[in-house]
Amino acid sequence: MQSGFVFCTAGKFMINLFQHLRDETVEAPLVQLLESVINASKEIAFRVRQGALAGVLGSTQDENIQGETQKHLDVISNQLLKDLLLACPHVRAIASEEEDTVVAGNTTGEFIIAFDPLDGSSNIDINGQIGTIFSIYRAQQNIAANDEAQFHQQGTQQACAGYVLYGPSTLLVITTGKGTHAFTLDATQGTFLLTAKNIQIPVDTKEFAINMSNQRFWSENMRGYINDLVLGESGQRGKNFNMRWNAAMVGDVHRVISRGGIFLYPSDNRNPKQPAKLRLLYEANPMALLIENAGGKAWNEHQRILDIQPQALHERVAVILGSENEVETCLKYIGAKQ
Ligand code: F6P
């Protein structure tokens, strides 16, 4: 374990991640588990930075269980996380976007972890934002390590959630339920340093993020809401909105956490077998915990995301999250009972 305070390259005295976790009195097994996530993410960050030089770009011939083509970097990231997490004695089970079923770890491990090893895969080959999203729960004593029921816990039960964003700098945004904090990787020392403490998302916003090309598949109410955002000052909202879309949830949510906004991936009627796109366990739930800990709001179209009772490992949910007042306005438009 690293010592608590370091001088960063800018010559400032800063708190590193592990000192911060000690300050939050996070228990040692969870800190050790996080160390595995961090070590894997530093390896992933290195390969992302090297790009074509590391020979990691492009697609494999395979599809994951979601029917999505796997990129080489998806597979590499999944393997790195899996190897390091399974070597950690505190991990009882793993669920990954890239694994069909639960992977059993140490039968006496205290925690289980769900992750999307590399969110925003379509950005890999264009040098765009991508990231690792993770969600950690306490293992349930009476359930076998390889039983998917380990993961049928509501988002409110998460012991820790976060993402590592591989952008121009590598950032870790994390919560253990005591606020949402951001750490920047000082690549010269291999250390994540605290760069934003207790982030607060502004309650109002003039920025929205949604894949507009899907609008013909949304409900009429959702179309009405977005239409009024687009009408700006000339419509009933009476103010202009700007649109931003990274096509990587991790990048879009990071923008919302950094300066406010509303991010939406609504349900749609394209494919009856897949009424929504984003996955509850390793996308919606961890992001919802981070957003709520930063004073924002995260719902599907009917209820708070963190209250949803998971039914399946790879289940999908609609997501509406971000600045509190704007999320509430959206929910009113679509008739959700708050
Ligand atoms: O779930 C993966 C993901 O890449 C998200 O990160 C992102 O928000 C979404 O899919 C983008 O998908 P599409 O381009 O189909 O809207």
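Student: How much space lies in the largest pocket?
Tutor: Keep in mind that this is a predicted model. The largest pocket holds about 450 Å³ of space.

Student: Which elements give two or more residues to the lining?
Tutor: There are strand 4 (69-71), strand 7 (111-119), strand 15 (262-265) and strand 16 (278-279), along with helix 5 (249-259).

Student: Where does the ligand sit?
Tutor: The ligand takes up the space of the largest pocket. Around the ligand you find Asp119, Gly120, Asn211, Trp245, Ala247, Ala248, Met249, Tyr265, Lys277, Leu278, Arg279 and Glu283. This shell has six nonpolar, four charged and two polar residues.

Student: Which residues place a polar atom by an oxygen atom of the ligand?
Tutor: For polar contacts, look for N or O pairs within 3.5 Å. Met249 uses its backbone: an N or O atom there lies 2.6 Å from a ligand oxygen. Tyr265 has a polar side-chain atom 2.6 Å from an oxygen atom of the ligand, and for Arg279 a polar side-chain atom lies 3.0 Å from a ligand oxygen.

Student: What share of the ligand's accessible area does the protein cover?
Tutor: On its own, the ligand has 400 Å² of accessible area, and the protein covers 81% of that.

Note on methods. Residues are numbered from 1 along each chain as its sequence is written. This is a predicted model: local features need pLDDT of at least 70, side-chain atom pairs count only at pLDDT 80 or more; totals for chains, interfaces and linings use all residues. Side-chain values use heavy atoms; hydrogens and water are left out. A residue is near a molecule or strand if one of its heavy atoms lies within 4 Å of it. A polar contact is a pair of N or O atoms within 3.5 Å; within protein, one must be able to donate a hydrogen and the other to accept it, and residues adjacent in sequence count only if both atoms are side-chain atoms. Accessible areas come from the Shrake-Rupley method with a 1.4 Å probe; for residues, only the protein chains shown count as cover. On a 1 Å grid over the protein atoms alone, a cavity is a set of points where a 1.4 Å probe fits but cannot get out, and a pocket is an open set with protein on both sides within 12 Å along at least five of seven lines; lining residues have an atom within 4 Å of a point. A molecule sits in a cavity or pocket if more than half of its atoms lie within 2 Å of its grid points. Ala, Val, Leu, Ile, Met, Phe, Trp, Tyr, Cys and Pro count as nonpolar, Asp, Glu, Lys and Arg as charged, and the others, Gly among them, as polar. Grid points are joined across faces, edges and corners, and a volume is the space filled by probe spheres set on the points. Helices (H or I, at least four residues) and strands (E, at least two) are DSSP runs, numbered from the N terminus.
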